[in-house]
Amino acid sequence: WGRGPVILSWADIEPARGDNGSNVVLHEFAHKLDFLDGAANGIPPLHPGNSQQEWARDFTHAYEDLSEHSFHHSGGIDRYATTNPAEFFAVMTEIFFEDPRLLQTQYPKIYDELRRFYRQDPIKRHL
């Protein structure tokens, strides 16, 4: 819910405990972060020093690329990410934490944006 609590069912959370690159908990919390500025548009409030212009450029380019190629080959990225920019941010957040090498390989600029946004580098944990 946009301004309300995050409510998740156990049936939806349980599959996220596997090693399949998806995680509904991360996905829904990414939406909550996106809503912090009042709009779910794929651009959450960024930390000081992070460029909203660079974020918008990098995410727009990757979103368009995935949208263009998702019908032929998504490279392991859920096509649901092409629904809209808010879903793209949420799916990229899932991949960032669950399969960071995939994200770094497919969209290195998105990996770097999320690394700065979340202030961590999950590839270092997945060595």
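Which helix does Val25 lie in? Val25 belongs to helix H2, which covers residues 24-35. With that starting point, here are legends for a set of views of this predicted model.

**View 1. The whole chain, built from helices.** Welcome to the overview: the chain has seven helices and zero strands. Read from the N terminus, its elements follow the order α-α-α-α-α-α-α. Of its 127 residues, 38% count as buried. Among contacts with a separation of 6 or more, 53% join residues 24 or more positions apart. The accessible surface is about 7,400 Å², and carbon and sulfur atoms make up 53% of that surface.

**View 2. Val25 and its contacts.** Here we zoom in on Val25 in helix H2. Val25 has a relative accessible area of 27%, so it is partly exposed: the value falls between the 20% limit for buried and the 50% limit for exposed. Leaving aside residues up to four places away in sequence, Val25 touches Leu8 and Ile13. Leu8 is 17 residues from Val25 along the chain, and the C-alpha atoms of the two are separated by 7.6 Å.

**View 3. Helix H4 packed against helix H6.** Two packed helices are described by the angle between their axes and the distance between the axes. For H4 (residues 85-98) and H6 (residues 108-118), the angle is about 80° and the axes are 10 Å apart. H4 is therefore roughly perpendicular to H6, since angles of 65 to 115 degrees count that way. On the H4 side, the contact is made by Phe88, Phe89, Met92, Thr93, Phe96 and Phe97. From H6 come Ile110, Tyr111, Leu114, Arg115, Phe117 and Tyr118. Sorted by class, this contact has 10 nonpolar, one polar and one charged residues.

**View 4. The largest nonpolar core.** In soluble globular proteins, nonpolar side chains tend to be buried together. The largest nonpolar core in this model has 26 residues. Which of them touch the most other members? They are Ile77, Phe88, Met92, Leu103, Ile110 and Leu114. Two or more core residues come from each of helix H3 (52-69), H4, helix H5 (100-106) and H6. H4 gives the most, with eight residues.

**View 5. A closer look at Ile77.** Not counting residues up to four places away in sequence, Ile77 touches Leu66, Val91, Met92, Ile95, Leu102, Gln106 and Tyr107.

Notes. Residues are numbered from 1 along each chain as its sequence is written. This is a predicted model: local features need pLDDT of at least 70, side-chain atom pairs count only at pLDDT 80 or more; totals for chains, interfaces and linings use all residues. Side-chain values use heavy atoms; hydrogens and water are left out. Axes are lines fitted to C-alpha atoms, for helices over the stretch in contact, and angles run from 0 to 180 degrees between N-to-C directions. Helices (H or I, at least four residues) and strands (E, at least two) are DSSP runs, numbered from the N terminus. Angles under 35 degrees count as roughly parallel, over 145 as roughly antiparallel, 65 to 115 as roughly perpendicular and the rest as oblique. Contact means heavy atoms within 4.5 Å. Ala, Val, Leu, Ile, Met, Phe, Trp, Tyr, Cys and Pro count as nonpolar, Asp, Glu, Lys and Arg as charged, and the others, Gly among them, as polar. A nonpolar core is a set of buried Ala, Val, Leu, Ile, Met, Phe, Trp, Tyr and Cys residues joined through side-chain atoms within 4.5 Å. Buried means under 20% relative accessible area, exposed over 50%, partly exposed in between (1.4 Å probe, protein chains only). Accessible areas come from the Shrake-Rupley method with a 1.4 Å probe; for residues, only the protein chains shown count as cover.
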